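Hi there,

Here is the structure I promised to pass on to you. Have a look at it first, and then read my notes below.

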There are 2 protein chains.
Amino acid sequence: MDAFSFCNPTRIEFGVGTIRKLGMELKKADIKSCLMVAGGGSIKKNGVYEQVCESLEKAEIHFVEGWGVQPNPTLEKVIELCELAKREKVEAVLGVGGGSVIDTAKTVSAGVFLQDIWNAFSGKEKIRNALPVYTVLTLSATGSEMNGNAVITNTKTMQKWGIYSPLIYPRLSIIDPSVQSSLPFKQTANGAMDAMAHILEYYFADDRAIATLAIDDALLKTIVEMTDRLQNNSGDLLARGNLAWCATLALNGISGIGLKGGDWACHDIQHAFSALHPEIAHGEGLGVIFPAWIEYMSEKDPTRFLRWAKNVWDEENVSRALHRFRDKLESWGLAKSLRDLGIKELELPQLVKLIMTSPRIGMVSRFTAVEVESLLMLAF
Amino acid sequence: MDAFSFCNPTRIEFGVGTIRKLGMELKKADIKSCLMVAGGGSIKKNGVYEQVCESLEKAEIHFVEGWGVQPNPTLEKVIELCELAKREKVEAVLGVGGGSVIDTAKTVSAGVFLQDIWNAFSGKEKIRNALPVYTVLTLSATGSEMNGNAVITNTKTMQKWGIYSPLIYPRLSIIDPSVQSSLPFKQTANGAMDAMAHILEYYFADDRAIATLAIDDALLKTIVEMTDRLQNNSGDLLARGNLAWCATLALNGISGIGLKGGDWACHDIQHAFSALHPEIAHGEGLGVIFPAWIEYMSEKDPTRFLRWAKNVWDEENVSRALHRFRDKLESWGLAKSLRDLGIKELELPQLVKLIMTSPRIGMVSRFTAVEVESLLMLAF
């Protein structure tokens, strides 16, 4: 196993009814005010907003509300919320929502200390300070509740890029799986695919990380099993809780130990889809590109994919496993191709160009523009 | 899955050659002096002591040395080292060794702030302060390098009891698997059994923690596989590294998520063995009592043990799995019975009495004195 460094200081409070702990946790940390970052209003429908407000008010935490974060969250929104945070002199940032909201909250927490937060994404400036981040998770998918990453779209340059900093790990994330019971199944399935993609980005990078790969097999199989259960019964709280915890573990560092930082070609490619078509859900886009990537890569060298075929799908060869993987995603109602996602063939050249603005595409195999084009054709 | 709270702030630096980072890490944390806690001198033979000294000296960290920690570390040694730490006014405690050394280091880190450290074990006093703890691990077994636990033997009262505090998690633990290559296989196997026992203490507590149990299956199987490899070739660095990481994960919180805190009957019972016979290695004692406990429990209700039989041993019934488990431990050269461990039949009543001084024995099933006696007879 390769050398690695691991540290994840985020505290998780998991379970039904845990949102009520929020206010006292902020108070214990001597925080008197915060910016609540939120999305389009779903938290007003599922009761989360009410619970959050009640808990904050009870603990006498002053809070201002920053609404309107969209899926594939934008730099404009980050800038707007940084100004609000500075104007109101808040002492913490609280994300209440899914990955987009939490990524925005993290970026704002660092952004209030920078002249131009995009400089942190482009690598021109380092994050040296951040307000403490707290989160209440409402959709298990991105794993953002327990890591130091955030992904934001710069709509002007059409770039969907990420930052990492030890300073933006949430201090505390609250995961109450019961608040996800009201999600449409499609969103649950997109989230499950996103979580699987995080594991798969690491999975093929180094077969010497035996312990990690065994854990990753366990997570991948459990995610499929729990998602199937939720398709039958969205109120299956046991499946909901276990899926939620798998999604957190999929990108909190554990799933990637000894795996060279992972590949991330599929994420970079999917980010370009979303930059061009913001209506494409991140998880669904990954559900199209990941099977295509495995197909493309395994045609050159199937041996790297045999473990996955055997341990996750109980199949002796890769093409059969790939068939099972695609069937499963289709049975969950996810798109099968770029065409299904609403991408047009004439957009492919533009997509290739956009994808190639990333410093590199892939680590297991570094993709050239020609290879990216072939991969997109395969996924089309 | 049951509600849970999880936070593990320990940083791990893992890999060949990582010991050289130690001094600079202390320096970065503004620590100028430390107490180095160590065992009987094996670190002078395997080169670890030299590497630690070189790294500390290079970073100009002043250190005093506290040698002589024995397996089943004692309260007397803790008290002696607390006095040394206070006299020398050290700013941190550095454990260089296996679990006994690290548990001693942790206890000393809290002990310097208490009148009587045993009060923290007996529950009379709370740990409210501790010096920062650093560790360099030389034997993978107890998982102490990444948790907030410590177990110490009070030789006067014959009690081997534990403490837990968020304040005694190591700030940093360095795991260089190559330093374990020179270990006799018996010690490696004892360590592997100890790590398996940590997972098994949680494993049977609640079948609703589906994600955790899948991870635990993965860890248990990997530990067996890696230990077999090391029996064939103690220099197999890949197996060594993966076993080391499994042992850390076995008791860093991850393996017990949603499992009600685990059972711990076998640990409590084994602690009594060691209190009476300090020469019994912790892992080897567990290797005797755990199969007996599974046999005893599964005679009443085998269903609870079917998952373990199937997923870890690929067997359809518990008795066959148990047979495989015992055969494996025997093939590693571990004792098969209390008799093999050197315990005499006439000592059993005394053992029962000692075991029953714990506030409770077991959680999956709470054992009475009569049941403990039956279990010991089975293990004898």
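Let's start with one residue. Leaving aside neighbours within four places in sequence, Ser337(A) is in contact (heavy atoms within 4.5 Å) with Val288(A), Ala379(A) and Phe380(A). Ser337(A) sits in the loop between helix 13 (318-331) and helix 14 (338-341) of chain A; helices here are DSSP runs of H or I with at least four residues, strands are runs of E with at least two, and both are numbered from the N terminus. Ser337(A) counts as buried because its relative accessibility is 13% (buried is under 20% relative accessible area, exposed over 50%, partly exposed in between, with a 1.4 Å probe and protein chains only). Its side chain also reaches the backbone nitrogen of Asp340(A) at 3.0 Å.

Before you go further, a word on the ground rules. This is a predicted model, in which local features need pLDDT of at least 70 and side-chain atom pairs count only at pLDDT 80 or more, while totals for chains, interfaces and linings use all residues. Residues are numbered from 1 along each chain as its sequence is written, chains are lettered from A and ligands numbered from 1 in the order in which they are written, and side-chain values use heavy atoms, without hydrogens and water.

Next, the two chains together. The contact takes 37 residues from chain B and 37 residues from chain A. Between them the chains bury about 2900 Å², 70% of it on carbon and sulfur atoms (buried area is the accessible area, with a 1.4 Å probe, that two parts lose on being put together, summed over both). Strand 1 (4-14), helix 8 (210-232) and helix 9 (237-249) of chain B each supply at least two residues of the side that touches chain A.

How many salt bridges are there between chain B and chain A? The count is zero, where a salt bridge is a side-chain nitrogen of Lys or Arg within 4 Å of a carboxyl oxygen of Asp or Glu. Over all chains, however, a search of the whole structure finds 39.

One of them joins Lys28(A) to Glu25(A), with the closest N and O atoms 3.3 Å apart. The two are three residues apart in helix 1 (residues 22-28) of chain A, so about one helical turn separates them. Lys28(A) is exposed at 63% relative accessibility, whereas Glu25(A) is buried at 10%.

In chain B, Glu295(B) and Arg326(B) form a salt bridge at 2.9 Å, N to O. Glu295(B) lies in helix 11 (residues 282-300) and Arg326(B) in helix 13 (residues 318-331) of chain B, so the pair ties together parts 31 residues apart in sequence.

Enjoy exploring!

Note on methods. A polar contact is a pair of N or O atoms within 3.5 Å; within protein, one must be able to donate a hydrogen and the other to accept it, and residues adjacent in sequence count only if both atoms are side-chain atoms.
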